[in-house]
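Load the model in your viewer and keep the sequence panel open. This tour tells you what to select at each stop and what is there.

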Amino acid sequence: MAFRDLFKRIAPRPRADQRADRGLLVFEHTSEVIRAEQILKSAGYAVKVMGPPPEVQKGCDLVVEFPLMEELDILRSLKGAGVAPMEVLPVTGPLLAPVDLFQVKDFGQYLMVRAANMKITVEKNTRVIVNVSGGGCPDVPYIAARLIGCTLDDAPAPRDIGHTLCGYALELAHAEMLRLCSP
Amino acid sequence: MLAIVGTIPDPTVPVLDAPVELADDSLRVFGRVVSPDRGTPALLAAASIACRHLGLPLPHAFLVGDEGLGKGSRTLYRHLTETLPDRSFSSMVFHYLQPDVDWHNKVLLTALSMTPPPTLIADAGFMYAAKMSGQAGEYALFTPDAGELAFLADETAPHPFYTRGFILQDEGRVPELVGRAYVHDNAAACLLVKGNTDYIADRSGILATVTGPSEEAMEAMGGTGDTLTGMACALVEYGLTVAEASYVAAQANRYAGQLAAPTPATQIGELVRHIPAALKRAMDELT
């Protein structure tokens, strides 16, 4: 193997932006930023307070950077403490918006809703959740096990038991399913 | 030997680093029964059954409990960086793991330093991290579905949840999105895109498609992508090229689905039990 090839093999070159899996919490006031940082740090999250990028013109002049994958869990913690952010943004694309397109498939006896990479399927007559599919974060199998076999009325909401962005996507699909299956 | 790295949804499970044991329909790792409901256990079951059918050693499993907080994943990432340099695997598949770019890069660096480096396959959360890291090209195979392909094709998206709306999750646009993923170096050397039509592609474009038999209900079933990836891994380990392995796995997954005759309420275990017959048929057709 040529020396240059060997070097390539043992020295991956990550992109300049090493924060691709980070998000920003935008608050209205600096005092909320400080409280949020304290809450999240004491809960063990790897967060830090930073100045916002130029694209973010709303709120105060500080933001909290956090592990984006754990968005659902972090938002639940902040909401519980009464410090909900104004907005949540990915670091790599602060203008990106969460998925808001749903794909609905009618199997006759069953109805499936997909949001981003997550799908939920319900038996129409009984309103029983029969399958959860897709996703890649490790709370998906956990949420699926909790939801499958429950009716839409009895099942916990993914936002209450999930932790990640996949859990968040499933929450959106679940909410859309509730809307579609409402009496 | 094939190694499979992933999580199971029980935070009390410590790192398990052991060969898979397969007896009757029971799958065990380090004495612990692993139920192939969905996620990594479904992949593990499919790969193990396929390896046994192909006359290969059963896979080695690296598992940890993680319910989505990422603690288990990070413990497993650390374990891999500490132990892989002294290990030897011909291929490794990384699956349901908390996407974390820093840890991804450390694990990738460690895997590439193995002698010789294993063939690397990524699916689910680790595929997300591989794309985010900018190191997708180090992998031999990604196995996205349509939503995940849209994420690979969106060079700015940090997760499928933030894939921009103009990149529709429309299976009719798969060839275009495959091209876009390669333009921005966000795809593995080979892609197996799962859907109503399965596409096998590389940087040159679409290599093959698999369209039948078609069981529409499989779209709703959790775990069908996991069984597909599991079989593809086993077939790579068997010696097929990555593209051939992807094609045969896609075909076999459809045959297994046909044998299971699923409804949208069918669970993945019903499909897993048909893997040997399905794989035999797909392999016979290859020769």
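**Stop 1: a helix pair in chain B**

Select helix H1 (residues 39-54) of chain B and helix H7 (residues 224-238) of chain B. Their axes come within 7 Å and cross at roughly 35 degrees. Two packed helices are described by the angle between their axes and the distance between the axes. Axes here are lines fitted to C-alpha atoms, for helices over the stretch in contact, and angles run from 0 to 180 degrees between N-to-C directions. Helices (H or I, at least four residues) and strands (E, at least two) are DSSP runs, numbered from the N terminus.

Which hand does the crossing of H1(B) and H7(B) have, left or right? H1(B) passes H7(B) in a right-handed crossing. The rule: left-handed if the near helix is turned anticlockwise from the far one by less than a right angle, right-handed if clockwise.

Now show side chains. On the H1(B) side, pick B:Gly39, B:Ala42, B:Leu43, B:Ala46, B:Ala47, B:Ala50, B:Cys51 and B:Leu54. They meet B:Asp226, B:Thr227, B:Thr229, B:Gly230, B:Met231, B:Ala234, B:Leu235 and B:Tyr238 in H7(B). Contact means heavy atoms within 4.5 Å. By class, the contact of H1(B) with H7(B) has 11 nonpolar, four polar and one charged residues. Ala, Val, Leu, Ile, Met, Phe, Trp, Tyr, Cys and Pro count as nonpolar, Asp, Glu, Lys and Arg as charged, and the others, Gly among them, as polar.

A note on the model before moving on. It is predicted: local features need pLDDT of at least 70, side-chain atom pairs count only at pLDDT 80 or more, and totals for chains, interfaces and linings use all residues. Residues are numbered from 1 along each chain as its sequence is written, chains are lettered from A and ligands numbered from 1 in the order in which they are written, and side-chain values use heavy atoms, with hydrogens and water left out.

**Stop 2: chain A overall**

Color chain A by secondary structure. It has six helices and eight strands. Along the sequence the pattern is α-β-α-β-β-α-β-β-β-β-β-α-α-α. Of the 183 residues of chain A, 52% count as buried. Buried means under 20% relative accessible area, exposed over 50%, partly exposed in between (1.4 Å probe, protein chains only).

**Stop 3: salt bridges**

A search of the whole structure finds 23 salt bridges over all chains. Each is a side-chain nitrogen of Lys or Arg within 4 Å of a carboxyl oxygen of Asp or Glu.

Select A:Asp106 and A:Lys124. Their closest N and O atoms are 2.7 Å apart. A:Asp106 lies in strand E5 (residues 102-106) of chain A and A:Lys124 in the loop between strand E7 (118-123) and strand E8 (128-134), so the pair ties together parts that are 18 residues apart in sequence. A:Lys124 is partly exposed, at 32% relative accessibility.

Next, A:Arg179 and A:Glu176. Their salt bridge has its closest N and O atoms 2.9 Å apart. Both residues lie in helix H6 (residues 165-180) of chain A, three residues apart, about one turn of the helix. A:Arg179 is exposed at 53%; A:Glu176 is buried at 13%.

Switch to chain B. B:Asp154 forms a salt bridge with B:Arg164, at 2.7 Å between the closest N and O atoms. Both sit in the loop between helix H5 (146-153) and helix H6 (174-183) of chain B, 10 residues apart. B:Asp154 is buried, with a relative accessible area of 0%. B:Arg164 is partly exposed, at 22%.

**Stop 4: the A-B interface**

Show both chains. The contact takes 58 residues from chain A and 62 residues from chain B. The area buried between them is about 4,900 Å², of which carbon and sulfur atoms give 55%. Buried area is the accessible area (1.4 Å probe) that two parts lose on being put together, summed over both. Three salt bridges cross this interface. One to select is A:Lys105 with B:Glu216, closest N and O atoms 3.4 Å apart.

**Stop 5: two residues in chain B**

Center on B:Ser73, in helix H2 (residues 71-83) of chain B. B:Ser73 is buried, at 0% relative accessibility. Leaving aside neighbours within four places in sequence, B:Ser73 contacts A:Pro138, B:Thr7, B:Val64, B:Asp66, B:Leu97 and B:Gln98.

Finish at B:Pro262, in the loop between helix H8 (242-260) and helix H9 (269-272) of chain B. B:Pro262 is buried, at 10%. The C-alpha atoms of B:Pro262 and B:Glu216 are separated by 8.7 Å.
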